[in-house]
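My notes follow in the order I looked things up.

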Amino acid sequence: MPLLQPLPEENMYQAYGIYLLESKHRLIRRLKKAYQPSVHGHKTWSSSFLLMDYLQHEPLKKKSRILEVGCGWGPGAVFCAHQFKAKVTGLDIDREVFPFLDVLAELNEVKISPMVRRFESLKGKELGKFDCIVGSDICFWDSLVKALSQMIDRAMNNGVKRIIITDPGRPTFYELCDLLRKKHTVELFEWYATEPRHVTGEVVEIRPAVQG
Ligand SMILES: C[S@@+](CC[C@H](N)C(=O)[O-])C[C@H]1O[C@@H](n2cnc3c(N)ncnc32)[C@H](O)[C@@H]1O
C-alpha cells in the first residue's frame, strides 16, 4: 500500500492547511509498536493548534530559521515549514518522538531537522542562530519553569527576536510568564483555535525589552 492514500483517509485530518494523523491511524499504530515516547510526546497536543492559529494572525517572515522546542510529533514545526517555507529544527529530549515527526513531515512534503537534546543544554550561541523559537505545551512540570525561563533569557541575550509558547493554561505556564516579565517584553493572550475543532488556551509572545 502506498504511504498515503488521497484524503479522505481514515483517521487522517486537516488543520491550518496541514495533514495530521490520529493515534488510531494505521501508520501511527504501526510506529507505536516500535517507538514509545515517554515524556508526553505520544500524540498531537491541542496547544499546537493555538500556535498555528496565532501564527496565522502574526505570521513569521518567509524562510525564517525556526526552532520548535519540545516538538513531540512536530505539528508546529510542520506548520511553520509548510506555511512560511521556514527552515525548521525540531528539538526534543525524547528520541522516540522523531519517527512520528518524520511521518508528519513526509505527509506534508516538508523537511524538519531533528535535534535530540534537552533544551536546558542549548548554549546562547546555538539559540542565537534562530530568528524565532516556538513551543506548544512544554511547561507542564515545576522543574520546567526555571529551565525554560533561563533558556529564553539566553536566547534573547543572543539576538532571538520572537519566542512564542502556547499552553492550555497550566499554573506552571503562568509562573513562567511572571518570571519572563521581569526581563523581557511579554504579551499574554487568551486564544482559541477553530481547526480541527474549537480549542481554547493561552499564547505568550516574548520579545526583547524596549530600551530607555
Ligand atoms: C506535552 S508534549 C507536546 C508536544 C508538541 N509540542 C505538541 O504540542 O504536540 C511535551 C514534549 O516536550 C518534550 N520535552 C519535555 N521536557 C523536555 C526538555 N527538557 N527538553 C526538550 N524536550 C522536552 C517531551 O518529550 C514532549 O515531546
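Which residues of α4 are buried? I noted first that this is a predicted model. Then I went through the helix. I found Phe98, Pro99, Phe100, Leu101, Val103, Leu104, Ala105 and Leu107 buried in α4. That is 8 of the 10 residues, so α4 is largely enclosed by the rest of the structure.

**Entry: around α4**

I asked what the buried residues of α4 pack against. I listed β1, β2, α1, α3, β4 and β5 (112-116). I also checked what follows the helix. Glu109 comes after α4 and has a positive phi, near 55°.

**Entry: the nonpolar cores**

I looked up the largest nonpolar core next. It holds 45 residues. Phe49, Leu55, Ile66, Val88, Ile112 and Ile164 touch the most other members. Which helix gives the most to this core? I found that α4 (residues 98-107) does, with 7 residues.

I then took Ile66 by itself. Setting aside residues up to four places away in sequence, I listed what Ile66 touches: Leu60, Cys80, Ala86, Lys87, Val88, Thr89, Phe130, Cys132 and Val134.

**Entry: Leu60**

Leu60 was on the Ile66 list, and I followed it up. I placed Leu60 in the loop between α2 and β3 (65-69). Is Leu60 buried or exposed? I have it as buried, because its relative accessible area is 7%, against a cut-off of under 20%. Leaving out neighbours within four places in sequence, I found Leu60 in contact with Leu55, Ile66, Cys80, Phe84, Cys132 and Arg162. I also checked Leu60 against Ser121. They are 61 residues apart in sequence, and their C-alpha atoms are 26 Å apart in space.

I turned to the start of the chain. Strands β1 (residues 12-15) and β2 (residues 18-21) run antiparallel, joined by 4 bridges. Which residues of β2 partner Tyr13 and Ala15? I found Leu20 as the bridge partner of Tyr13. For Ala15, the bridge partner is Ile18. The hairpin has 2 residues between the strands, and Tyr16 takes a positive phi there, near 50°.

**Entry: Thr44**

I located Thr44 in the loop between α1 (26-34) and α2 (47-57). I count Thr44 as buried because its relative accessibility is 12%. What does Thr44 touch, apart from neighbours within four places in sequence? I noted Tyr13, Leu20, Phe49, Trp73 and Pro75.

**Entry: the ligand**

I went to the ligand. How many residues surround it? I have 23, and the closest are Trp45, Gly70, Asp92, Glu120 and Ser136. I then looked at individual atoms. A backbone N or O atom of Gly70 lies 2.8 Å from a nitrogen atom of the ligand. From Asp92, an N or O atom of the side chain is 2.6 Å from a ligand oxygen atom. At Ile93, a polar backbone atom is 3.2 Å from a nitrogen atom of the ligand.

I began with the general rule. Most residues other than glycine have a negative phi, and most peptide bonds are trans. I then looked for exceptions.

- Asn11 is not a glycine, yet its phi is positive, about 65°. Asn11 sits in the segment before β1 and is partly exposed, because its relative accessibility is 22%.
- Lys85, in the loop between α3 (75-84) and β4 (87-92), has a positive phi near 50°. I count Lys85 as exposed because its relative accessibility is 53%.
- The peptide bond from Glu195 to Pro196 is cis, with omega near -5°. Pro196 lies in the loop between β8 (185-193) and β9 (199-207).

Definitions and conventions
Residues are numbered from 1 along each chain as its sequence is written. This is a predicted model: local features need pLDDT of at least 70, side-chain atom pairs count only at pLDDT 80 or more; totals for chains, interfaces and linings use all residues. Side-chain values use heavy atoms; hydrogens and water are left out. A nonpolar core is a set of buried Ala, Val, Leu, Ile, Met, Phe, Trp, Tyr and Cys residues joined through side-chain atoms within 4.5 Å. Buried means under 20% relative accessible area, exposed over 50%, partly exposed in between (1.4 Å probe, protein chains only). Contact means heavy atoms within 4.5 Å. A residue is near a molecule or strand if one of its heavy atoms lies within 4 Å of it. A polar contact is a pair of N or O atoms within 3.5 Å; within protein, one must be able to donate a hydrogen and the other to accept it, and residues adjacent in sequence count only if both atoms are side-chain atoms. Two strands pair if DSSP finds at least two bridges between them.
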